[in-house]
Amino acid sequence: MDKTWIIAKRELASFFDSLIAYVMIILFLGMSGFFTWLFGNNIFLINQASLQVFFGIGFWTLFFFIPAITMRMLAEETRSGTIELLSTKAITDWQIVGGKFLACLLLVMIALFCTLPYYITVSQLGSVDHGGIIGGYLGLILLSSGYISIGLFASSVTNNQIVAFLMALFIGIFFQILFDVMGSSFRGGLGTAMNYLSMRAHFESLSRGVIDSRDIVYFLSITLVGLLFSQSMLSRRNWQG
Amino acid sequence: MSIVVDGLTKKYGEQKAVNNISFKVETGEVVGFLGPNGAGKSTTMKMITCYMAPSGGDVLLEGMSIHTHADQIKKRIGYLPENNPLYLDMPIIDYLRFSAEIQGVPGNKIPERIAEMVETCGLDVEKHKKIGELSKGYRQRVGLAQAMIHNPDVLILDEPTTGLDPNQIIEIRKLIKKLGKQKTVILSSHILSEVEATCDRILIINRGRIAADGTSATLRQQAQGQELLTVQIEGADGESLKKALLGLATVEKVDGVDGKADYFTVQSKPDQSSRKAVFDLCVSNKWCLLEMTGIETRLEDVFRELTN
């Protein structure tokens, strides 16, 4: 855990040093703010003191932003060879992957924390459903951890950041929307399985304030599988050809 | 800390990059891996440092195997990989602190260790810069500093002087020599003079196998089968000189030296010396012997012979 935190600390510092963190936070706030308050189906149109609209937007913005922050994580280390230096130090591949995961998740959480004024504003406008707010934020965090682990996996497969980015989006789009679509067009067991794999249903029930352990288990499993795959891809230098 | 490498093998697909290598390095020894590009030097190092699992064989550091005690071994090895990969966006001091933390140096000792490394590696002038802003020589020093930050017993340096200017090379060599007094050092190079200047012992590796093992003196001796002399004689024309030299009982071959009529290289028969005979020949003919030098087999020749 200790070593994991050292890696996470370095990655976070490098996010803020390289401006990636600021760009990401500003874009995230800009996009979600614009659609939540100013454009389309915004809060005023719905006329309810809830952050449903914001959660719906966050669901999509995070889907696009997370691959952008995860893409360099392992790809850049492999490309520049620093991974060799890192993994010959007293640290395991698990700790490396875990540290990078933690750094990305913390960055997303910082960005989400910056939306606190949204909550404050809405709570001034009427009585808010706190369950829905907590569930929504929890949902966004869990969703992010799923996409971060997918992004890390994509980044561990290649040493090209662009490929890692596109690959993360490609895998992500299945969970984001395609499983949903396919679930409704297949019948029987396959359809149910696809429906279960879709992030949307799980996220929506969370953001309505229904905190169900099945949804949490779903997100955590995706995260775990993603991290497991990233770790084994990182250790592939040990595979015997 | 002694290192025992036992039957180490690494296969990349069908090709054996390292083929059943075994050797032993004692504490306080500086050993140089010498070999042409692609001989398996770096791969061997990657296995010793626990970066890559071998396809077969084992490495033992003071009895600990890389298969079972990787975490303890990693703590006691300092490694400078080929091409010196570093985080270019990090300031030097931050990077050294990061390395120290990962290697488990206790928090209260870290500032002290960093200060020591900055001094030993001569980073003081540049210490507030980011690594990406440094010249190649300084980056190499940062690479050395991060390898030594946790005061390891074993240092493994993969081509530590590539890309440095002659002054820097000499400094790094001095540093390695100094370190080699207390630590076990393995370094690799394809520059012969470098290995000769810094190492107590040389392992010549070729096509994944050890081609030769010994000090530079013993390697030379092994290769130096026949005596070779250059002589310069005044007093007669080239042709008759050559004929006279060939007439000596101990001489096997005489070659002229390009462009000079009175210079020859004289190769003796195995285990015989022609020095005295050449001198006597000149005396009896009243020729003047201007020069007679023994040619020492250079390590280059040993190397070429073993790896071609």
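1. Among contacts in chain A between residues at least 6 apart in sequence, what percentage join residues at least 24 apart? The figure is 78%. Two residues are in contact if their C-beta atoms, placed from the backbone, lie within 7 Å.

2. Some ground rules. This is a predicted model, in which local features need pLDDT of at least 70 and side-chain atom pairs count only at pLDDT 80 or more, while totals for chains, interfaces and linings use all residues. Residues are numbered from 1 along each chain as its sequence is written, and chains are lettered from A and ligands numbered from 1 in the order in which they are written.

3. Chain A has twelve helices and zero strands. Helices (H or I, at least four residues) and strands (E, at least two) are DSSP runs, numbered from the N terminus. The radius of gyration of chain A, taken over C-alpha atoms, is 19 Å.

4. In chain A, helix 8 (residues 130-157) packs on helix 11 (residues 199-207) at about 150°, with axes 7 Å apart. Axes are lines fitted to C-alpha atoms, for helices over the stretch in contact, and angles run from 0 to 180 degrees between N-to-C directions. That makes the two helices roughly antiparallel (over 145 degrees). Helix 8 of chain A contributes residues including A:G132, A:G135 and A:G136; helix 11 of chain A gives A:M199, A:F203, A:L206 and A:S207.

5. Chain B holds an open sheet of six strands, order 6-7-8-3-9-10, with mixed pairing. Two strands pair if DSSP finds at least two bridges between them. Strand 6 (77-80) and strand 10 (209-214) of chain B are at the edges; each has a single partner strand, so one side of each lacks a neighbour in the sheet.

6. Strand 3 (residues 30-34) and strand 9 (residues 201-206) of chain B run parallel, joined by four bridges. B:V31 stands opposite B:R201. Helix 6 (residues 166-180) of chain B lies across strands 3, 7 and 8 of chain B, at about 150° to strand 8.

7. The contact between the chains takes 25 residues from chain B and 20 residues from chain A. On the chain B side, helix 3 of chain B gives the largest share, four residues. That side has twelve nonpolar, seven polar and six charged residues. Ala, Val, Leu, Ile, Met, Phe, Trp, Tyr, Cys and Pro count as nonpolar, Asp, Glu, Lys and Arg as charged, and the others, Gly among them, as polar.

Terms used. Parallel < 35°, antiparallel > 145°, perpendicular 65-115°, else oblique. Rg over C-alpha atoms; globule rule 2.2 N^0.38 Å.
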